[in-house]
Amino acid sequence: MIATRILAVISAMCFVLAFTLALMLAPDTTLGQAVSTVHLHWLAAIQDVARKSVSEWAWMNVALPVLMRPVWLLPAGLGLVAAGAAATAATRRGGARSHRRRS
């Protein structure tokens with residue numbers, strides 16, 4: 001019950017953030033451009049961490065394509081995942097209930 005509400009709130013926050021980013025920034029702004037606008041050296045630091053701790057493959061095939069997508073796509077995707085998790089958690093049934101009538 002509480003997990004469903006928390007996931008629904010996270011989903012709503014992600015959708016509001018995605019909508020705000022889509023309205024406020026240029027339509028062709030990528031996630032990499034937005035991150036480098038906030039702090040110039042973050043992309044280099046993220047790249048170094050990804051290459052040293054994970055692998056070159058993960059940087060080239062996972063992180064780099066995500067950074068090349070529009071800035072609003074990541075929060076929208078996270079919002080969809082959180083909404084799906086909230087809907088799944090809301091439809092779970094509890095333990096078997098007794099069908100006997102109580103008087």
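## Helix α4 and its cap

In this predicted model, helix α4 is built from 12 residues, and the distance from its first C-alpha to its last is 15 Å, close to the 16 Å expected at 1.5 Å a residue. Seen down the axis of α4, the buried residues fall within an arc of 90 degrees, so they line one face of the helix. These buried residues are A58, W59 and L67, and they pack against α2 and α3.

The N-terminal end of α4 is capped by S55, which places a side-chain oxygen 3.4 Å from the backbone nitrogen of W57.

## The protein as a whole

The protein contains 5 helices and 0 strands, and reading along the sequence gives the pattern α-α-α-α-α. Its radius of gyration is 20 Å, well over the 13 Å that the globule rule gives for 103 residues, so the protein is more spread out than a compact globule. Taken along the principal axes, the box filled by the C-alpha atoms is roughly 70 × 35 × 20 Å.

Among the contacts with a separation of 6 or more, 80% are between residues 24 or more positions apart.

## Helix α2 and its surroundings

The buried residues of α2 are L31, G32, A34 and V35. Viewed down the axis of α2, they fall within an arc of 165 degrees, so they line one face of the helix. The cover over these buried residues includes α3, which runs over residues 42-54, α4, which runs over residues 56-67, and also α5.

The loop between α1 (2-24) and α2 (31-38) holds T29, a residue that is buried, with a relative accessible area of 14%. The side chain of T29 reaches the backbone oxygen of A26 at 3.0 Å.

Leaving aside neighbours within four places in sequence, T29 is in contact with A34, R69, P70 and V71.

Within α5, the residues P75, A76, G79, A82 and A86 are buried. They cover an arc of only 125 degrees around the axis, which puts them on the same side of α5.

The face of α5 that is turned away from this buried side carries the exposed residues L80, V81 and T91. What covers the buried residues of α5, in turn, includes α1.

Helix α1 contains T4, which counts as buried at 17% relative accessibility. Not counting residues up to four places away in sequence, T4 touches A86, A89 and A90, and of these A86 is one of the buried residues of α5.

A87 is also placed in helix α5, but this residue is partly exposed, with a relative accessible area of 42%. Although A87 and T4 are 83 residues apart along the chain, their C-alpha atoms are separated by 7.3 Å.

## The segment after α5

Following α5, which covers residues 73-91, there is a further segment, and R102 has its place there. R102 is exposed, with a relative accessible area of 81%. Between R102 and V66, which are 36 residues apart along the chain, the separation of the C-alpha atoms is 57 Å.

Key. Residues are numbered from 1 along each chain as its sequence is written. Side-chain values use heavy atoms; hydrogens and water are left out. Helices (H or I, at least four residues) and strands (E, at least two) are DSSP runs, numbered from the N terminus. The radius of gyration is taken over C-alpha atoms; the globule rule is 2.2 Å times the number of residues to the power 0.38. Contact means heavy atoms within 4.5 Å. Buried means under 20% relative accessible area, exposed over 50%, partly exposed in between (1.4 Å probe, protein chains only). A polar contact is a pair of N or O atoms within 3.5 Å; within protein, one must be able to donate a hydrogen and the other to accept it, and residues adjacent in sequence count only if both atoms are side-chain atoms. The arc is that of the directions from the helix axis to the C-beta atoms. The expected span of a helix is 1.5 Å times one less than its number of residues.
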